[in-house]
Structures are given as structure tokens and as C-alpha cells.
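Please look over the model shown below before reading the briefing.

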Amino acid sequence: MIARRVAFLFLGETLLIPHLFPIVESLARIDPQLPIDLWVSTSMHEALLDGWLRALNGRNVRIRRAPGFRRVESGAKGHNPKLPAKMPMLLRLVPYLAGVPVVVCAERTSLWLPTLFPLRARFIQTKHGVGSMSVRGDRRRKSAWRTLVPSQREYETYVKHGIDPDRVGVTGYVKASFHQRTHTVPPFKERRPIVLYTPHWQRRRSSWWDWGPEVVRRVIAEGRYNLIFAPHQRLVEGTPELRTFCADLRNRTDVHCDLDSFAMVDGSYTAAADIYLGDTSSQVLEFMMRPRPCVFLNSWQAAWENDPSYAMWVCGDVVSKIDDVLPAIANIHSKQAHYAPIQAAYTADWLGDTSGAAPAHAAAEILNALRR
């Protein structure tokens, strides 16, 4: 008989951590006798988790270093480190997972293990990244014993893409319960409306390459706003010139430029901002959990109105000319009474329950997998 044990895979980017750790907390509280292993890929992951586990005081939870574990420079606390090669790490992890009945992950790469190997472990994937742009057509998804999604809308979309409906569970949005945020508000010199600009990382759906630097310059030159520039982690990884761009802004007191820290992904900035400025990042749904003004940048002139991939753009003004960006930001508050109910309905549709119950629902799914 396989011993009761659950393994959580913290092997990918730090952006995945807030989608997993609330489940660890909930599971440890519900079943304090259940052994829980947190497999980590770098010393940065280890340091973050270790600090939170001290507060949790969970004696049944231990951090384990995955084969190929990498020590990284401390740098900014929680910065997204250079990761070890994922597939070699996963392959070397197989013997350690052979006797574990349930494995929990938040990304698709780890699902190569049940896809390629006849493991007895039941893999549970909790969904990260939500909304109409999220990709679902991937054979690895069908290898998960259970996929946990936030909402009925996501459930229906997965089933539509060929996932067995009996293998999909609706939990609510787990990240809404993540409480280890880095900032309340960044340290701006003056109190002004805060604009958050978060361009996506994929060129075909990002405003950065066409408009990004100029948009930042124009918002700053307007002199009416504080700006948080915190792009998607993968945009930073693939666009090294961003560091030079941000270095030129370093001494400004009205710009908070973040390319490294954990605050980029822990919900700090979506909570602090007054206005969202972006394109297709799913972070906008986290921002709209508390409805506030949004401006979307259609720098690539997408015919978006009847395209379900851009369904989130009904939640704010869509700008297709760069000269219209500042007027849109200036006028968006006057339109928020119109957009607020649309935003509330949209986030409820895609995120489901954001009250804080999602981690307990996910933990119940894991315990059910252990019993079965």
C-alpha cells in the first residue's frame, strides 16, 4: 500500500507560487498529519517558502530540493531566478515521486511525467492564467488525473476542448487567497492616481514592441500620474533591453519600475493601482476583482469586437491610436459607472469564487484523490 503523502511541484517561474501555496496552507490545516513535500528548483523558491512555513508552523510540511536544484544570488527578494532545465529535472524526479499517491502542479510542463510514464501518482493541476486568451488545446492536459479550474465558465471551456468532464473540478480562484504580498503601495514621493502598465510577453498579443516605451514616456511626461511598470515575467526574460530602459528611469520618484521582484506576481500591483493599462494579460482579471478603470492598448489593430479571444476588452476603453492613450486614461474614471457592472460580471464568470474558499475546495479535491 502506498503511504499517504502529497507532493507539490514548485519548479517553474515564481508567478506560479501564489497559485499553489494557498492550497498548501489549507491542506496543512485541514489534515495536520498528512505529510506534504514541497519540491523546489532554486534557492529563491526555497527561501520564500521557508519564511511562510515558519509562520504556518506546519510540522507536516517539508521543503525538498529537486534533482538539479540551483543556488542563485539573493538579489531582490523573491526575484524570478534563472531556472534549471525543466525536463532533465523532471526525469530525475521520477524515482522520488514513484511512491507518492498525489502530485500537485500549476503548469503544463510537469504533466509530461504522467503523459510519458505509467506513474501510479495521480497528478492534479491547478489552473493558473485565466480568461479568454488562455490556451487549452494541449495533450498534456488530458494526462492530469484532475484539473482544478476557478469557474464554471472555465469548466465548460475545458470540456469543450476535449477534457473529460469527470476530471475537471471547480474550486474558485486560488490566488485570491494569497496573502504574502510584498507591497501595499510602492514608495512614490507624491500621492497621485497610480497607473499600472503590464504588457504581455507574446509579441502577437503585446503592446510593448509597437507602443510600449513611448506609452511609458507619455504617461510620465503628463505629470499627473504615478506609474508602475511591471511587465510579464517572460517579457523580461526575452527582452534584455528592458533593463536599459528601466535603468534610465531609476531616479524618478513618479515611476516604480519592477523587472525582478516577487511583487510582480504576488498581487501587490494589481491591488495598489487605480487604473489598469495593458493589452491581453490575465492580470487584468485580478485587478478587476475590485472593479476599477481599465484601458486596453490595441497597438496591432486587432479586429477584436467579435473575437472571443479579446472578450476582456469589453471591460474598458480600447485604444487603437497611440495619440488617444492619454485622453483615454484622463477620461476613463468618468466611464467607470458604465464599466463597473460589466467588470464584476466578467470576473465572476471567469474567476468564480474569490471569497477565500478556493484553497479549501482544492484541498478537498486532493484529499478525495488520496481516499480513492
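Helices (H or I, at least four residues) and strands (E, at least two) are DSSP runs, and they are numbered from the N terminus. This is a predicted model, in which local features need pLDDT of at least 70 and side-chain atom pairs count only at pLDDT 80 or more, while totals for chains, interfaces and linings use all residues. Residues are numbered from 1 along each chain as its sequence is written, and side-chain values use heavy atoms, with hydrogens and water left out.

**Packing of helix H1**

- Two packed helices are described by the angle between their axes and the distance between the axes; the axes are lines fitted to C-alpha atoms, for helices over the stretch in contact, and the angles run from 0 to 180 degrees between N-to-C directions.
- Helix H1 (residues 17-30) packs against helix H2 (residues 43-56) at an angle of about 30°, and the two axes are 12 Å apart.
- H1 and H2 are therefore roughly parallel to each other, on a scale where angles under 35 degrees count as roughly parallel, over 145 as roughly antiparallel, 65 to 115 as roughly perpendicular and the rest as oblique.
- The crossing of H1 and H2 is right-handed, a crossing being right-handed if the near helix is turned clockwise from the far one by less than a right angle, and left-handed if anticlockwise.
- On the H1 side of this contact (heavy atoms within 4.5 Å) are Ile17, Phe21, Glu25, Ala28 and Arg29, which meet His45, Leu48, Leu49, Trp52, Leu53 and Leu56 in H2.
- The residues of the contact of H1 with H2 comprise eight nonpolar, one polar and two charged, where Ala, Val, Leu, Ile, Met, Phe, Trp, Tyr, Cys and Pro count as nonpolar, Asp, Glu, Lys and Arg as charged, and the others, Gly among them, as polar.
- H1 also packs with helix H13 (residues 358-371), here at an angle of about 65° and with the axes 8 Å apart; the crossing of H1 and H13 is right-handed.
- In this second contact, Pro22, Ile23, Ser26, Leu27 and Ile30 of H1 meet Pro359, Ala360, Ala362, Ala363, Ile366 and Leu367 of H13, and the residues involved divide into 10 nonpolar, one polar and no charged.

**Cysteines**

- One disulfide is found in a search of the whole structure, a disulfide being a pair of cysteine sulfur atoms within 2.5 Å.
- The disulfide joins Cys246 to Cys257, with an S to S distance of 2.0 Å; Cys246 lies in helix H8 (residues 241-247) and Cys257 in strand S10 (residues 255-257), so the pair ties together parts that are 11 residues apart in sequence.
- Cys246 is buried, with a relative accessible area of 9%, whereas Cys257, at 26%, counts as partly exposed; buried means under 20% relative accessible area, exposed over 50%, and partly exposed in between (1.4 Å probe, protein chains only).
- Cys294 is in no disulfide, and the nearest cysteine sulfur, that of Cys315, is 6.8 Å away; Cys294 counts as buried at 1% relative accessibility.
- Cys105 is buried as well, with a relative accessible area of 0%.

**Buried glutamines in helices**

- Gln336 lies in helix H12 (residues 336-351) and is buried, with a relative accessible area of 12%.
- When neighbours within four places in sequence are left aside, Gln336 is in contact with Pro291, Arg292, Pro293 and Gln343; the C-alpha atoms of Gln336 and Pro293 are separated by 5.8 Å, although these residues are 43 residues apart along the chain.
- Gln283, found in helix H10 (residues 283-287), counts as buried at 15% relative accessibility, and, with neighbours within four places in sequence left aside, Gln283 is in contact with Thr198, Met264, Thr270 and Tyr276.

**Loop residues**

- Gln301 is found in the loop between strand S12 (294-297) and strand S13 (317-319), and the phi of Gln301 is near 60°, a positive value in a residue other than glycine.
- Arg141, in the loop between strand S5 (122-126) and strand S6 (146-149), counts as buried at 3% relative accessibility.
- The C-alpha atoms of Arg141 and Tyr158, which are 17 residues apart along the chain, are separated by 9.3 Å.
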